[in-house]
Amino acid sequence: MQSGTKWTALILSVVAGVGGMIIGNAKLKNNSPTSVQPRGERAVTNAISRTTDVVMSTDVTAVVEPLGKPFKKAPYANNVWDLQLYRGKIYMGHGNSSNEGVAPNAGPIPIIYYDTISSTFQTQTVSSSNPGILPTTKMFVDEEQIDIYKVLDGKLFIPGNDSDGESWGLGNFYRLDGEIWTKYRNLPLGVHVYDLASYRGKLFAALGTEDKPTVLISHDQGESWQHYGTINTYGYRAYTLFQIGGKLYASGMMYPANNIWGDRTYILEINTNLQKRDVVIYGSRMLPGLTYQLGTTPYNRIGKNVNFDNKLLYIAGQVFNDGQLTPRSLNVMTAINQARRVILPDTAALPTDVLAREGKAYVLTYTRQNLNYINRVYETTDLVTWTEILSFEQDTYARSFEESEGDFYFGLGTDPDVLSASSGKLLRVRRDNIAINSN
C-alpha cells in the first residue's frame, strides 16, 4: 500500500473536480497535422461507418456457454481486464491496482488460463531470476493487477502493473519460458510498468514513476534496462506504446478538445535508428469527437490498440480509479494527428476491446439496456464498414475477448459503482453458433 502524489497543476483539480483524484491519489510506488476536427460529440460525420444493406447480426444469448469463474477476489478485482490467446490457452488478467475505493490493492495475482484443448482452468508457477536472491517458486505474480498480456517476438510477457509490497526502486516484468513464468525485477524506478513493446530488436517499457512519464530500453531482451527518454506531457505516467508509419511511439495523458487549457501536448517518437524526439499532438486530432465536459475528468489516454491495414485501431477514454480506463471512443489513426472516430451501427455502443486476425479486425462493445447489457462484436475488413456478427445479453458487460479456431471467448467485468457478481466469468460462443461465421 502506497501513498499518492499530488497533481502539480492545482487549477486542473479545482476546475475538473475529480481530475485531482486521478493524479493526486495515484499510486506512485511503484501499440503532417490536419485541421482540427469539429468539437461537438455528434459533429464527426466524416467518421461515420457505413453499414451493409443486409443486417447479418445474430443474437446468441441462448447458446452462450459459461465456462467458469476462476478468480477468488471481490467483484471489481475479478474484472477480466485482458484475454490473450497463446498456444491454445486463453490467459486471463484480473486484480485492482487502485489504493482507494472497492477492492483496493488486490494482489498478489495468480496467472490463470483456460486450456481450449482440455477445457480446464490452470494456474502457472512463477520463479525469480533476481541475482543475489534465493530462488523462489510462487503461484502468483507480485502485482496488484494483471492488466495486459503482450506477445512479443513469439514470447508471452506480463508488464508489472503495480508491484505488491515491494520497494519503489525497481519494477517488474514476467516472461513465460516453457510452462514456468520468470519474474525479472530489474526496471529502474519502475513503480508501474504499463506496457512493453519490441522494436528494431530492442525491448521498450512504458513506466509510471515518481517523476516523469518514462521509457526504458533493453538491448538484451530484458536482462538489463537503461533510461531511454521521457514524455513531455502531464502527470507521471507513460501508458501506451504503439507503432504506426514504421515508428514507435510512447504516449501518456492527453486532453480532449476544450476551451480552458487547450489540447496541445507531446508524445515521444522513436525512429528506425532508435533516435527520439518530442512530437506535438492535439487531443482534438488524436481523440476525435471527444470534448471536455465541466465536472468530468479531463485526463484521457489511448487504451487497447491493434495494428491493421497499416493503421492503428484504438480505444480512447478517461483515466479513472488510479490507472483504469473508461472507454469513450473507437478510433482509426493513419498518422500522428490524423485520426477519425468510428461510429458503429449501434451509436450508443462503448468499445472495450479490439482484436486483429488475418484480413479482419474486431471490436467488442456493450450498451446498457435497463438492468442488463447488450454485448456485441463487430467485424471489418477495411476499418470503414462494420458488421455486427453476434450479440448477447448479460447482467454485466464483457470487458475483454479473444478468438480461437472460430470460437469467441468473453471475460466479464464490472464498474465500481454497479458491482456485479458475474464479474470474472469466462464465456464462450462456439463457431457453429455464429450465423455469419467470420472465419
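This note goes through the fold, the salt bridges and the aromatic contacts of the chain, in that order.

1. The model under review is predicted, and the comments below should be read with that in mind. The chain has 439 residues, of which 60% count as buried, and its secondary structure comprises 3 helices and 31 strands. The chain exposes about 16,900 Å², and carbon and sulfur atoms supply 51% of that area.

2. At one end of the order, β29 and strand β30 (residues 407–412) pair in the antiparallel sense over 6 bridges, and the bridge partner of Glu-403 in β30 is Phe-408.

3. The structure holds 22 salt bridges, and among them the one between Asp-195 and Lys-150 has its closest N and O atoms 2.7 Å apart. Asp-195 lies in strand β13 (residues 192–199) and Lys-150 in strand β9, so this pair ties together parts of the chain that are 45 residues apart in sequence. Are the two partners buried or exposed? Asp-195 is buried, with a relative accessible area of 4%, and Lys-150, at 12% relative accessibility, also counts as buried, because the cut-off for that class is under 20%.

4. Glu-379 has 13% relative accessibility and counts as buried.

5. In the other, the side chains of Arg-376 and Glu-388 meet in a salt bridge of 3.2 Å, N to O. Arg-376 lies in strand β27 and Glu-388 in strand β28 (residues 387–394), so the pair ties together parts that are 12 residues apart in sequence, and both residues are buried. Elsewhere, salt bridges that share partners join Lys-138, Asp-142, Glu-166, Lys-183 and Arg-185 into one network.

6. Turning to the rings, the structure holds 26 aromatic pairs. One of these is formed by Tyr-149 and Trp-181, whose ring centres are 6.3 Å apart and whose planes make an angle of 55 degrees, a tilted arrangement. The pair links distant parts of the chain, since Tyr-149 belongs to the loop between β8 (137–138) and β9 (150–152) whereas Trp-181 belongs to strand β12 (residues 180–188), 32 residues apart. Tyr-149 is buried, as is Trp-181.

7. Ring pairs also link Tyr-234, Tyr-255, Trp-261, Tyr-292 and Tyr-299 into a cluster. Tyrosine rings take part in contacts with charged groups as well: the charged end of Lys-276 sits over the ring of Tyr-228, 5.1 Å from its centre, and the charged end of Arg-285 sits over the ring of Tyr-282, 4.6 Å from its centre.

Key. Residues are numbered from 1 along each chain as its sequence is written. This is a predicted model: local features need pLDDT of at least 70, side-chain atom pairs count only at pLDDT 80 or more; totals for chains, interfaces and linings use all residues. Side-chain values use heavy atoms; hydrogens and water are left out. Rings of Phe, Tyr and Trp (its six-membered ring) pair if their centres lie within 6.5 Å; planes under 30 degrees apart count as stacked, over 60 as edge-to-face and the rest as tilted. Helices (H or I, at least four residues) and strands (E, at least two) are DSSP runs, numbered from the N terminus. Buried means under 20% relative accessible area, exposed over 50%, partly exposed in between (1.4 Å probe, protein chains only). A charge sits over a ring if NZ of Lys or CZ of Arg is within 6 Å of the ring centre and within 35 degrees of the ring normal. Two strands pair if DSSP finds at least two bridges between them. Accessible areas come from the Shrake-Rupley method with a 1.4 Å probe; for residues, only the protein chains shown count as cover. A salt bridge is a side-chain nitrogen of Lys or Arg within 4 Å of a carboxyl oxygen of Asp or Glu.
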